[in-house]
Amino acid sequence: MRNKLVKKRSSKAGLPPGTLVHIGERHREAARVSIIVYDENNITDQASDNLAACATMRGQPGVRWINVEGIHSIELLQKLGECYGLHPLVLEDILNTDQRPKREDYGDYLFIVLRMLSLKSGGEGVASEQMSLILGPDFVISFQEGLAGDPFDPIRERLHTSRGKIRSLGADYLVYSLMDAIVDNYFAILESVAERIERLEEELVDNPSRETVGRLHTLKREIIFLRKSIWPLREVISGLERRESSLVREETVIYLRDVYDHTVQIIDTVETFRDILSGLLDIYLSTISNRTNEVMKVLTIIATLFMPLTFIAGLYGMNFRYMPELNWHWGYPAVLFLMLVIAGGMLKFFRGKNWI
Amino acid sequence: MRNKLVKKRSSKAGLPPGTLVHIGERHREAARVSIIVYDENNITDQASDNLAACATMRGQPGVRWINVEGIHSIELLQKLGECYGLHPLVLEDILNTDQRPKREDYGDYLFIVLRMLSLKSGGEGVASEQMSLILGPDFVISFQEGLAGDPFDPIRERLHTSRGKIRSLGADYLVYSLMDAIVDNYFAILESVAERIERLEEELVDNPSRETVGRLHTLKREIIFLRKSIWPLREVISGLERRESSLVREETVIYLRDVYDHTVQIIDTVETFRDILSGLLDIYLSTISNRTNEVMKVLTIIATLFMPLTFIAGLYGMNFRYMPELNWHWGYPAVLFLMLVIAGGMLKFFRGKNWI
Amino acid sequence: MRNKLVKKRSSKAGLPPGTLVHIGERHREAARVSIIVYDENNITDQASDNLAACATMRGQPGVRWINVEGIHSIELLQKLGECYGLHPLVLEDILNTDQRPKREDYGDYLFIVLRMLSLKSGGEGVASEQMSLILGPDFVISFQEGLAGDPFDPIRERLHTSRGKIRSLGADYLVYSLMDAIVDNYFAILESVAERIERLEEELVDNPSRETVGRLHTLKREIIFLRKSIWPLREVISGLERRESSLVREETVIYLRDVYDHTVQIIDTVETFRDILSGLLDIYLSTISNRTNEVMKVLTIIATLFMPLTFIAGLYGMNFRYMPELNWHWGYPAVLFLMLVIAGGMLKFFRGKNWI
Amino acid sequence: MRNKLVKKRSSKAGLPPGTLVHIGERHREAARVSIIVYDENNITDQASDNLAACATMRGQPGVRWINVEGIHSIELLQKLGECYGLHPLVLEDILNTDQRPKREDYGDYLFIVLRMLSLKSGGEGVASEQMSLILGPDFVISFQEGLAGDPFDPIRERLHTSRGKIRSLGADYLVYSLMDAIVDNYFAILESVAERIERLEEELVDNPSRETVGRLHTLKREIIFLRKSIWPLREVISGLERRESSLVREETVIYLRDVYDHTVQIIDTVETFRDILSGLLDIYLSTISNRTNEVMKVLTIIATLFMPLTFIAGLYGMNFRYMPELNWHWGYPAVLFLMLVIAGGMLKFFRGKNWI
Amino acid sequence: MRNKLVKKRSSKAGLPPGTLVHIGERHREAARVSIIVYDENNITDQASDNLAACATMRGQPGVRWINVEGIHSIELLQKLGECYGLHPLVLEDILNTDQRPKREDYGDYLFIVLRMLSLKSGGEGVASEQMSLILGPDFVISFQEGLAGDPFDPIRERLHTSRGKIRSLGADYLVYSLMDAIVDNYFAILESVAERIERLEEELVDNPSRETVGRLHTLKREIIFLRKSIWPLREVISGLERRESSLVREETVIYLRDVYDHTVQIIDTVETFRDILSGLLDIYLSTISNRTNEVMKVLTIIATLFMPLTFIAGLYGMNFRYMPELNWHWGYPAVLFLMLVIAGGMLKFFRGKNWI
């Protein structure tokens, strides 16, 4: 099924800014919260109800990563918002799940919105999910809409097993890792789309059918959709890389540049897809024109061959009393010969026109 | 009915700048003025004839919001202009209802023009209305053309009931609220357009008719129209957000950034619509070509099948005296058999060409 | 008649810069010069032969406006050039009537080129005329090519009758007024073009004919032409508004901003026209395809219906001696019945394909 | 004949930078060198073998202009290079005759590359030649490929006859004059192209044939080619005008601005050509569609008219023994009448569809 | 065979940054390393196992150039990385062979990625290979994927034979030489593509077939591919030329400007190709339409000529007992004459329509 062009948002019209209303589909029953606190030496998974003890937690050493799956619990959001001093507009944006990627600096923390893409279960079609990230001096909060499949599992594992950079560098490196995981995921999407484009290319050359156009249009729409999701990411990351906020440390910049590079490469590829797809429709059209032309030729050849012959046959089928030819002894063979000559002439004419 | 491409403006040619002539349709009989004065503690609705007592009012504390519906009363406009020291060019622009969105800084006050969109009564088609806003240090004047439906009702309500930010923050926050209400309204328009595009997409795949192209063109025109109305808004708001005028306070910036975000998102969506629509026409064209091709095939198959057969039948319908075949006992069955063989060969040829 | 794509200019190749050769058509016999000198209190129309007394005039108080209609008098131009110290390149540009709008700062004076548009007498088609303006500290010289119709009449009248801003503000305000008059004139052109586009739109939907494409192309060409004439104006005026030259006074800026606004609005509209026109051709093409498809269907239905029937009739028109069916008593009705069955089947097939 | 898309350059791959290899066609047998030395009072044509005495010449007063026609003499180039201290890369670029216009500052001298265009002898088609200019403090060296026709003749004449600016202003003014001559030449090219476009427009409306498309494509290619040759010139001249090099004197700037203006105007015109040409193909396509539609109508009318009639005739040509109608006395006239009724009905149907 | 749209990269998703996994095809069995150390006076080819003695080598005078062909040996890469202090992200990028051209400054060294293009063995189609360059103060490391053919052979030779600039200028000049060799190679690619375009142009005019569209699409794809490979190069080189890194010496800038020029010229040419190709499809479409039109005309002429005649013949083939014409003595000649008149009329009608 195709993605909706816009999400129903008009229900919010007229409400004051910062009113928390969830816009989008509810993907899972209950929201799931996981909290990981780590520094170079220690790492602990904390119970999610620890959220209550927010105030006492804030002064503790180490980096705290709170991952929320399923954002429709407004209560939970408000609790988090109070605890970490998030602006109501931030909470509102987290709930409006049709944001375009953006980066907003609220001084104490950065608010980053990304779009997480995944292949739909049927294999074709791309689903999109909003991923909101809050980067504070010593904490990261990530909000997923809660579609199946979590791209953050490898990061969780790396946090637990290795003691590498991800443990020693701070919260900004964690945010980088999360963004990198999301962007890495885009490559899988691109591969799947590329495969479908290539299949379509072959189909167009070998055996275009009516469904081909439909499929082409669906692909085009998906690519428009991909573009819209990925294009603004470029500016988001380049802003981080330029260290416009002091929350991003010098050491992380080099890694952000790497994600930036990947993003540019992905955008490049999406543009290439666009170019190729727009060419495909032209090819489809010219293939159809070509076929019509071919069909027409067959028709014309047959008609041009048999119409004169049928006319001659009709001529000698007339019942006039005085038709001298009819009584000639060689009349019939002569007419047959005439017909052969005419047919031969026609065929020669067609060959001259390169039609056969 | 479609929107006119341009409004009749030529009647003004040659008049000196600042001449007040109303350009556009007159939407209601009498202009309606409502005045609300409020501060953190008090709020009063004032009688509209209080306008006369302009001079005495100007020094009073609190924020004054004057909302004018129906702008064709030039007299009223002049009174307001004198009282608040508005430049004649501002009044002229308020009356010329085909302005594009803009923001002009007159030092003492900001002059902002927006376009308010609403769905036409029939459900299809978008009507556009000019909304002019004047932001002074302690007053806001808003001018609507006066189409049915007032998007400011929720704001009025919030002013009366709550004592939140809208009451404590100043005139600039009120202007933000008005702009936010207008932009929020755009989402409803987009939803309606998206629905129509999706219906058109289905129609094109299932059963395109001649009216489809007409509808497609109408949609395209509306989107061109939407684009023209919304695109310049981006710069208008970004200028406010950058606090180019001191009339915008620090606290309001964060809210303006929010509206800015919405505007960018809306522009993005309109661009997506454009891309999709332009693809639709191509699909329509190729569907038609496809159909013609199919029709041609049926014709060709029939003609190719029956023309040779008819010719043979005609051949033996000739009246030559000496046609030995006619007297053969098995002549008739032999000819029938020959015809069957020819028809079979033709069908095989068509199957080879994948036509049947 | 269409406008020429380029004006014959090659005749000038090889001449040194500043050589005065008139390029363009000569619109009137003799050049007409009018001189108005005014300040806040007095205004006088001076005889045009006063040009001779140039030197004595230059020190006089007030603003002098010299309007020249018909620029082919090279002698006149040279006299003016000497008197006001105009650079030979300026005079050359005034004579080359295919300049694009531009603004050049010569220190003592500004040289501004605009294009004045007017509807051709037949009602359709846009004629273009070069308008050159010289703005000095206390004088304005305007050069028209001298087509019929003078957009400056209202300004002359305002100068004579009112004592408003146009009399008290200086030469720069007069230049603004002239430019405003020209830009205001564009709106009338746009209205006429819009009307023609709307008529074309209706024609395309109702009853497109072969001439429609020709008309479409003519309109497209005119819009390309309009664009080329208007687009650079934007930068010309924005440079004046930014006061890049000290000849523009602070008080005039606000008025220039107004013309600038109008220009942007006009450009916007021209772009809209372009978008709509380019859509129209697609609609025309798909309408034609649709029609061909319809014609084809009629042909196919008829052929498919009658070819098999004609074949059967031909079959029983054969003259074989032994054709048992011919002698059956119910042979004829049976064949008629068979034909009916075949025709019915065909019609059902067409209905299944939605062709009838 | 069409221009080649690229010049054979690969033969140079792998050679070190500064290797002198001539790329392009050799247009004349021997290179021709002319040297003119002039100041305000004197002017002399020097013998070309004076090149040898390079060292002694350099200190002399006045401006020296060395014009080289035919650049394939590598020896000559090397001599000049040594004498005037030209960088090997400059010499290399002079020999590679497919450079795009550019301006390079080597401190002591400026290196400017332009493309000189001329109409091919057949009248249709544009030939392009590389023109390299070296501007030193007191010398100018110009390199032409040596196609027939020299646009510098008028300049040479002006140098000899007049004592105007060209003699008093320095080497930079001479370079300006050369560039102006080349740009002036472009106008002639544009005029010729415009004429061909206009002829094509008429042909398309009146009587498009198969060759029309070919001609359209050739024109399109030429315009792509023109664009590529002229577009970069804009930046070249604007850099000179901004006096990025001290070799350009204050007095020359005003003249450079004039050439700049011409260049912008030419680019504008080329863009207009592009727009118009791209519209022409659409018109051609729709004309063809229209024609096919018309042909189809004729065919359909004829077939629809005669197929039913032929069928009826065939029906009564059957040889069944018992066909009561055949024996009726009024059978024949009745059938003729029936046929007339059918034909009339068909014609009415066509008229209803607006086909006849 | 066509190039894949994207390389399989998703296998890397989830791995930490800096993990070394080779992405791409393995072009040769074992990696080949060559080391050249040179200064103005000496040059030595070192054994490749010298890599082990890395530490001792670093202080030596002269420039060291390490060329690695075949990058799949991760061990080798790691050794080089340790020895020259390369960042893990650099090594990762070297292994990911679908990078777009880029330039990254790591302080001590510059990391440059280019794409090396070569014609596929079949003659048609362009293969692309990633070329990574590391520029340190006194060393250059180049990594090739290891496709057949080495564009660096001429450079190696020049190093050994000449004692020119390449020996005296430092490591940055060597990097310039390598980049120049790669860019020079592009010209050969362009020539081959240009040739194929020109062949296609001729084919389209003379004898377009169904395969033509396929070939056109393949060419289009290749040009999209070329563009993607070359376009970013422009910025890479312009950054070097602006000496953003101190590793680039003043003396080399002039040479970098030369490569920059070549790159711009190549991009220009690729854009020209794009423009021409997009025009070609339109021509193909209109040629097909034209042909269909012609075929239709033949069919229509034949049908219109013979259908009425066949009808008349059928009419007099009817078996009515009372058909007076049949018994007229001149009936048969009269009918023949009537037929001639009708055929003549039809032919005249066609000639009037310009169909024959």
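Guide: Start with one term: buried means under 20% relative accessible area, exposed over 50%, partly exposed in between, with a 1.4 Å probe and protein chains only.

Visitor: Noted. What are we looking at?

Guide: This is a predicted model, where local features need pLDDT of at least 70, side-chain atom pairs count only at pLDDT 80 or more, and totals for chains, interfaces and linings use all residues. Residues are numbered from 1 along each chain as its sequence is written, chains are lettered from A and ligands numbered from 1 in the order written, and side-chain values use heavy atoms, without hydrogens and water.

Visitor: Is T212(B) buried or exposed?

Guide: T212(B) counts as buried because its relative accessibility is 0%. T212(B) is in helix α7 of chain B, residues 210-230. Helices here are DSSP runs (H or I, at least four residues), numbered from the N terminus.

Visitor: Which side chain does the side chain of T212(B) make a polar contact with?

Guide: That of E203(B), at 3.1 Å. A polar contact is a pair of N or O atoms within 3.5 Å; within protein, one must be able to donate a hydrogen and the other to accept it, and residues adjacent in sequence count only if both atoms are side-chain atoms. Leaving aside neighbours within four places in sequence, T212(B) is in contact (heavy atoms within 4.5 Å) with L200(B), E203(B), L204(B) and Y284(B).

Visitor: Switching to the interface. How many residues does the contact of chain B and chain A take from each?

Guide: Chain B gives 65 residues and chain A gives 68. They bury about 5,900 Å² between them, 63% of it on carbon and sulfur atoms. Buried area is the accessible area (1.4 Å probe) that two parts lose on being put together, summed over both.

Visitor: How many salt bridges between chain B and chain A?

Guide: Seven. The rule is a side-chain nitrogen of Lys or Arg within 4 Å of a carboxyl oxygen of Asp or Glu. R257(B) forms a salt bridge with E104(A), with the closest N and O atoms 3.8 Å apart.

Visitor: Which helix gives the most to the side of chain B that touches chain A?

Guide: α9(B), with 38 residues.

Visitor: Now chain A and chain E. How much area is buried there?

Guide: About 5,800 Å², of which carbon and sulfur atoms give 62%. E191(A), F311(A) and F320(A) supply 11% of the area that chain A buries against chain E, more than any other three residues. The count of salt bridges between these chains is seven. K102(E) and D261(A) meet in a salt bridge at 2.2 Å, N to O.

Terms used: Helix = DSSP H or I, 4+ residues; strand = E, 2+ residues; numbered from the N terminus.
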